[in-house]
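Subject: Structure for you, with notes

Hello,

Here is the structure I promised to pass on. Please open it alongside the notes.

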Amino acid sequence: MDADDDSYFKSLDDNFIIAYEDVCKPSEKNTYKEAAKRQSETFAESALKHYNNDKNNKVKYDLISAITSCGILDMKGFFGHVNFIAKGKNQQNSKEELFFAELHLEHDTFVPTSVLSLEGVKKVDFVGVNMTDSMGLVFLWMLNIAMLVVVK
């Protein structure tokens, strides 16, 4: 019996094609803008969860908004960079702070390698480049990434 006569094989083939079309076709739900937003939120939530679970960090933060993110693949694996706004939990007069985080994908989990508040940073020296403000550091990180997602 060949594949054309096998009804079970044909049903598997049909189901695969239906699933592929559902997942891969562009739709209102599946846009690059939405994917970029979900990636940014996932990275920011993972970074804050790790940061807040560290007993050495006295101030715990709530995520206000994820700003932008990108992914980097190199010989060491997949890394993500994200910028986000967070605010101290249960603190009067807590101000929103800009954060940068780098995460590494390890066994289907994003593990932060760095979580850094950029508030109050006046000058940063980065890879031989003298940056004069925290937004400059964020901008440099984002420009330095090959897979920068530009959302209009």
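Below is what I found in it.

Confidence comes first. This is a predicted model. The protein averages a pLDDT of 75, and 68% of the residues score at least 70. Strand 2 (residues 77–88) has the highest confidence, with a mean of 92. Strand 6 (residues 129–131) has the lowest, at 40. Residues 123–152 stay under 50 throughout. The model still gives that stretch 43 contacts beyond four places in sequence. Where pLDDT is low, the predicted coordinates should not be read in detail.

Next, the core. The largest nonpolar core has 12 residues, including Ala44, Leu48, Val82 and Ala86. Helix 2, strand 2 and strand 3 (96–106) each supply at least two of its residues. Helix 2 gives the most, with 5. Ala47 belongs to this core. Beyond its neighbours within four places in sequence, Ala47 is in contact with Phe84, Ala101, Leu103, Pro112 and Val115.

Last, the aromatics. There are 7 aromatic pairs. One of them joins Phe43 and Phe78. This pair is tilted, at 6.5 Å centre to centre with 50° between the planes. Phe43 lies in helix 2 (residues 32–53) and Phe78 in strand 2, so the pair ties together parts 35 residues apart in sequence. Phe43 is buried, at 2% relative accessibility. Phe78 is partly exposed, at 23%. Tyr51, Tyr61, Phe84 and Phe99 form one aromatic cluster. Those four residues also sit in the largest nonpolar core.

Best wishes

Key: Residues are numbered from 1 along each chain as its sequence is written. This is a predicted model: local features need pLDDT of at least 70, side-chain atom pairs count only at pLDDT 80 or more; totals for chains, interfaces and linings use all residues. Side-chain values use heavy atoms; hydrogens and water are left out. pLDDT is the predictor's confidence in each residue, from 0 to 100. Helices (H or I, at least four residues) and strands (E, at least two) are DSSP runs, numbered from the N terminus. Contact means heavy atoms within 4.5 Å. Rings of Phe, Tyr and Trp (its six-membered ring) pair if their centres lie within 6.5 Å; planes under 30 degrees apart count as stacked, over 60 as edge-to-face and the rest as tilted. Buried means under 20% relative accessible area, exposed over 50%, partly exposed in between (1.4 Å probe, protein chains only). A nonpolar core is a set of buried Ala, Val, Leu, Ile, Met, Phe, Trp, Tyr and Cys residues joined through side-chain atoms within 4.5 Å.
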